[in-house]
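Biologist: I am new to reading structures. Could you take me through one, feature by feature?
Modeller: Gladly. Here it is.

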Amino acid sequence: MRKPQTLSEVIIIGGSYSGMSAAMTLGRALRKVVLIDAGKPCNRFAPHAHNLLGSDGIAPAQLHATARAQLKLYSTIELIEDNAISFKKDKALFTVTTKKGAEFMAENLLLATGLKDSLPNIPGLLDCWGKSAIHCPYCHGFEFKGGQTGILAASNEALHMINMLMQWTSNLTIFTVEGFSFNPAALDFIHQHKIRLITEKVTGLQHQAGNLEAVTIRDVSGKLGSIPLKALYVMPPIRQALEQQAALGYNLTPSGHIEVDEAGRTATKGLYAAGDNCNRFRSLAQAMASGITAGAMINYDLINKQRPLPKM
C-alpha cells in the first residue's frame with residue numbers, strides 16, 4: 001500500500017522551542033509548514049524554566065502547551081505527532097518517512113532535533129536530572145546560590161565550570177569520575193582557591209523526589225561516606241538526538257554539533273538546523289532565537305529562489 005504523502009514548502013523535525021519558533025516565523029510568512037514532533041522536549045525533566053525574559057519560573061509543560069496552542073492558530077502550519085525515522089534527498093526534494101508510515105516531502109528541511117546527554121551510570125542521577133543534578137548555572141544557579149554545591153568532573157575542561165560556579169557559591173566541592181585525575185596546573189588552581197576535592201568513587205545520589213541531599217562515596221578500602229549537597233553540576237558527553245549525517249550530508253563540528261552558518265544553513269542545499277543541535281550555549285532563549293533566525297532565512301531563501309532580483 002502506498003504511503004500517504006504530503007507536499008509542503010518546509011518540513012521541521014522537532015517541535016520544541018527552536019522548532020516551534022521557526023514554524024511560527026514561517027507560518028506568519030504564509031509558508032506551508034509541516035512540523036513533526038514526538039513530544040519529548042529536553043527540558044521535560046525540569047520543574048521550572050529560568051532565565052527566560054517574561055516567563056521566568058514558568059513550568060516547561062505550561063510553556064510548551066501555550067506555544068502549541070498558538071501555532072494551531074496558523075492555518076498553514078500542520079502539527080504531526082510522530083517520529084521521523086527515515087530521510088532521503090533527491091535533487092529537488094527531501095522525503096521524510098514517519099514511524100506511523102506517513103511520508104512528507106518538501107524543498108526545505110529544518111532539523112530542530114536537539115541533543116541527548118549521555119549521563120554517567122550513577123544511581124539516583126537520572127531521578128535528580130533537571131531538578132538538582134544540573135548542567136547550566138544560568139538556568140539554575142540562582143536557585144542554588146550560596147548552597148552546598150558539587151561538580152562532577154570528567155576532564156580538565158571542568159576547570160572552566162569550576163571557575164564559573166564560584167560566582168554563585170563559595171561552598172563548592174569537586175568530585176571526579178572514576179579513572180580521571182586533574183593535571184598539575186588544574187590542581188594548583190583548585191588548591192589556590194581552597195576548593196574541596198573528593199577523589200573517592202561516587203556511588204550514588206541520595207535524594208527526596210529528585211531533590212538532592214547527599215552524594216555517597218566509597219574509598220579504595222571500601223569504606224562508605226557521604227557529602228551533603230543541594231546541587232550537583234554534571235557535564236555529560238552529548239550526541240545528536242537524531243543522527244542522520246549519512247543520509248543528509250551535513251557536517252559536524254569538533255564538539256559534535258551540526259555545522260551551520262549564521263542563517264542556520266548546513267552544507268547540504270535546502271537543509272537547515274536550529275537550536276541545541278548546532279549551538280554550544282543551551283538555553284530556551286537561544287533556542288527560540290535560533291529558530292526565528294532559521295525560519296526567517298528559509299523564507300528569505302525561498303523568496304530569492306521564486307523571485308530572484310536582477311543584478312544591481
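Biologist: What volume does the largest cavity have?
Modeller: Keep in mind that this is a predicted model. A cavity is a space where a probe fits but cannot get out. Here the largest cavity has a volume of about 40 Å³. The search of the whole structure finds one cavity of 30 Å³ or more.

Biologist: Which residues line the largest cavity?
Modeller: The lining includes Gly 141, Phe 144, Lys 145 and Thr 149. Leu 165, Trp 168, Thr 169 and Tyr 233 also line this cavity. By class, the lining divides into four nonpolar, three polar and one charged residue.

Biologist: And pockets? What is the volume of the largest pocket?
Modeller: A pocket, unlike a cavity, is an open set of points. The largest pocket has a volume of about 1200 Å³. Its lining counts 49 residues. Lys 40, Pro 41, Cys 42, Arg 44 and Leu 115 lie nearest the centre. Among the elements that give two or more residues to this lining are helix H1 (17-28), strand E2 (33-37) and helix H8 (284-306). Strand E7 gives the largest share, three residues. The classes are 24 nonpolar, 16 polar and nine charged.

Biologist: Which residues are closest to the centre of the second largest pocket?
Modeller: They are His 135, Met 161, Met 235, Pro 236 and Arg 280, out of 27 lining residues. The volume of the second largest pocket is about 930 Å³. Helix H5 (158-165) is one of the elements that give two or more residues to its lining.

Biologist: Now sheets. In what order do the strands of the open sheet run?
Modeller: Strands of a sheet pair through backbone hydrogen bonds, either parallel or antiparallel. Here three strands form an open sheet in the order E12-E13-E14, with antiparallel pairing. Strand E12 (201-208) and strand E14 (224-228) are the edges, and each pairs on one side only. From one strand to the next, the twist averages 30°.

Biologist: How many bridges join E12 to E13?
Modeller: Seven bridges join E12 to strand E13 (residues 211-218). As an example, Lys 201 has Arg 218 in E13 as its bridge partner.

Biologist: Last, the whole chain. How many helices and strands does the protein chain have?
Modeller: The chain has eight helices and 17 strands. Its C-alpha trace spans about 70 × 45 × 35 Å along the principal axes. Of its 312 residues, 46% are buried.

Conventions. Residues are numbered from 1 along each chain as its sequence is written. This is a predicted model: local features need pLDDT of at least 70, side-chain atom pairs count only at pLDDT 80 or more; totals for chains, interfaces and linings use all residues. Side-chain values use heavy atoms; hydrogens and water are left out. On a 1 Å grid over the protein atoms alone, a cavity is a set of points where a 1.4 Å probe fits but cannot get out, and a pocket is an open set with protein on both sides within 12 Å along at least five of seven lines; lining residues have an atom within 4 Å of a point. Grid points are joined across faces, edges and corners, and a volume is the space filled by probe spheres set on the points. Ala, Val, Leu, Ile, Met, Phe, Trp, Tyr, Cys and Pro count as nonpolar, Asp, Glu, Lys and Arg as charged, and the others, Gly among them, as polar. Two strands pair if DSSP finds at least two bridges between them. Helices (H or I, at least four residues) and strands (E, at least two) are DSSP runs, numbered from the N terminus. Axes are lines fitted to C-alpha atoms, for helices over the stretch in contact, and angles run from 0 to 180 degrees between N-to-C directions. Buried means under 20% relative accessible area, exposed over 50%, partly exposed in between (1.4 Å probe, protein chains only).
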